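Trainee: I'd like to learn how to read a model like this one. Can we go through it feature by feature?

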Amino acid sequence: KEQHTHTLTETTCPQQGRGELEPNPATQGVTHYKQYPPNTSKVYSYFECREKKTDSTKDKKVKYDKTVFYGLQYILHKYLKGKVVTPEKIQEAKKVYREHFQDDVFNESGWNYILQEYDGHLPIEIKAVPEGSVIPRGNVLFTVESTDPKCYWLTNWVETILVQIWYPITVATNSREQKKILAKYLMETAGNLDGLEYKLHDFGYRGVSSQETAGIGASAHLVNFKGTDTVAGIGVIKKFYGTKDPVPGFSVPAAEHSTITAWGKDHEKDAFEHIVKQFPSVPVSIVSDSYDIYNACEKIWGEDLRSLIESRSADAPLVVRPDSGNPLDTVLKVLDILGKKFPPKENSRGYKVLPPYIRVIQGDGVDINTLQEIVEGLKQHRWSIENISFGSGGALLQKLTRDLLNCSFKCSYVVTNGQGVNVFKDPVADPNKRSKKGRLSLHRKPNGHFVTLEEGKGELEEYGEDLLHTVFRNGRIVKTYTFDEVRDNAKLKEYELEKLLN
């Protein structure tokens, strides 16, 4: 076991049916059991990505009207399932919180009750939408409630660890929005979506804050695409979701500046030639801006090594990678130079396409806004998006916060003195933060629109099936999704593609 220094924590192998619980490291949750109304017997809370009804950032280019629900299954497996409470952890937490608060505020009797009555399993129930679901902002995504009246306080104790789902949701949502942009311009400039799943490659491994961030974030990107250099995501998917394919993500051999500059400035051509010859039957990406990207394209690729490049197949192209300068200007100039040396053909849509043995990847300065600018610029200059793919690092996995999608966890229902009460918040200074009331359900109306019913009205089922399904109850995961199901739920729908092109 890995020893931690605070709260109730334990690390065990998920295959053994035990998770690693760190219940609410945000210390505010430690004293909440003393703060609820006397004779409270149930607390019910929910998670949503709040809708911004009054948006002060009207200049924001991307609205993110819908979100991709992903990552809860990982949290349940890794942190909440199985026996997550032990006598040793209770005593450790008691000691730490006594020192932290300078007072005996820890709910020792409550945790001992869970240990004795449930053998350390958590008496809560979590209902959630299927993973990969694309749901409009402002709808409930999952609910949490205590299943034992004596453990009413447990619902919001686990808030902190559950709300960390904001990260995979946000990565998956941002990635999918970029997929929509690429799909639109592929259809407009090529007339098909061939290769779409490989158009945005994950370069973010070294740009994130931890190994765990890398694994979670990379897996979230792979919900929408199949190209990644962040192999930690493959491990997360295989361990916590599973796929029918051996691996859910792929990459190609790629040069790095050190493998070029190690040859010396006067031998850049030798470096290029050597690397290209090392990988004759698969695509190979070679960073070409160590010194002069334009000279590399015109002289080295376009003249010195031209016959070598022309001998490669469409299945094993050279992929030229610029890595500095203004992204759009650089890409356009690189394509123009390569186009003079390797004359392009015009496709059925009237856009230029380089010979199939040479392509370009832009991996510097790529985020959702620059991506839009680049593909629009290429279209205006009559270059098909077939010519290019993109790599994104920090902007894909790290330059994101919980506020981007306004991810929120709020209590909406309690039982006190045997009476159910619908509760909510409604701050006078910010109407965007008004929360929902009562027990919630999510439904899809016949017209395809989603609606969240409040105050327990979903029990009438006037809108059909509740889309929230129990996934966790009393320490057991009762419903799981494969990564193939996640991808299928998140795929671009026909109506979305039609909307993009209109």
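Trainee: What average pLDDT does the protein have?

Mentor: pLDDT is the predictor's confidence in each residue, from 0 to 100. Here the average is 93, and 92% of the residues score at least 70. Over residues 1-7 the pLDDT is below 50, with 22 contacts beyond near neighbours in sequence (contact means heavy atoms within 4.5 Å). Residues 9-17 are also below 50, and that stretch has 30 such contacts. Where pLDDT is low, the predicted coordinates should not be read in detail.

Trainee: Back to strands, then. In which sense do strand 1 and strand 13 pair?

Mentor: Strands of a sheet pair through backbone hydrogen bonds, either parallel or antiparallel. Helices (H or I, at least four residues) and strands (E, at least two) are DSSP runs, numbered from the N terminus, and two strands pair if DSSP finds at least two bridges between them. Strand 1 (residues 40-49) pairs with strand 13 (residues 407-416) in the antiparallel sense over nine bridges. Lys42 has Val415 as its bridge partner in strand 13, and Glu48 stands opposite Ser408. Strand 1 is also joined to strand 5 (residues 140-146) by five bridges, again antiparallel.

Trainee: What is the strand order in the open sheet of seven strands?

Mentor: The order is 14-13-1-5-3-17-18, with antiparallel pairing. Strand 14 (419-422) and strand 18 (476-477) are the edges; each has a single partner strand, so one side of each lacks a neighbour in the sheet.

Trainee: How many residues of strand 1 are buried?

Mentor: Buried means under 20% relative accessible area, exposed over 50%, and partly exposed in between (1.4 Å probe, protein chains only). Nine of the 10 residues in strand 1 are buried. Ser219, in helix 7 (residues 211-221), counts as buried too, at 1% relative accessibility. Leaving aside neighbours within four places in sequence, its contacts are Tyr70, Gly233, Val236, Ile237 and Phe483.

Trainee: How many disulfides does a search of the whole structure find?

Mentor: A disulfide is a pair of cysteine sulfur atoms within 2.5 Å, and the search finds zero. Cys407 has its closest cysteine sulfur in Cys49, but 3.7 Å is too far for a bond.

Trainee: At what angle do helix 2 and helix 3 pack?

Mentor: Two packed helices are described by the angle between their axes and the distance between the axes. Axes are lines fitted to C-alpha atoms, for helices over the stretch in contact, and angles run from 0 to 180 degrees between N-to-C directions. Helix 2 (residues 87-101) and helix 3 (residues 108-118) pack at about 170°, with axes 10 Å apart. They are therefore roughly antiparallel (under 35 degrees is roughly parallel, over 145 roughly antiparallel, 65 to 115 roughly perpendicular, and the rest oblique). Among the contacting residues are Ile90 of helix 2 and Trp111 of helix 3.

How values were computed
Residues numbered from 1 in each chain as written. Predicted model: local features only at pLDDT ≥ 70, side-chain atom pairs only at ≥ 80, totals over all residues. Heavy atoms only, no water.
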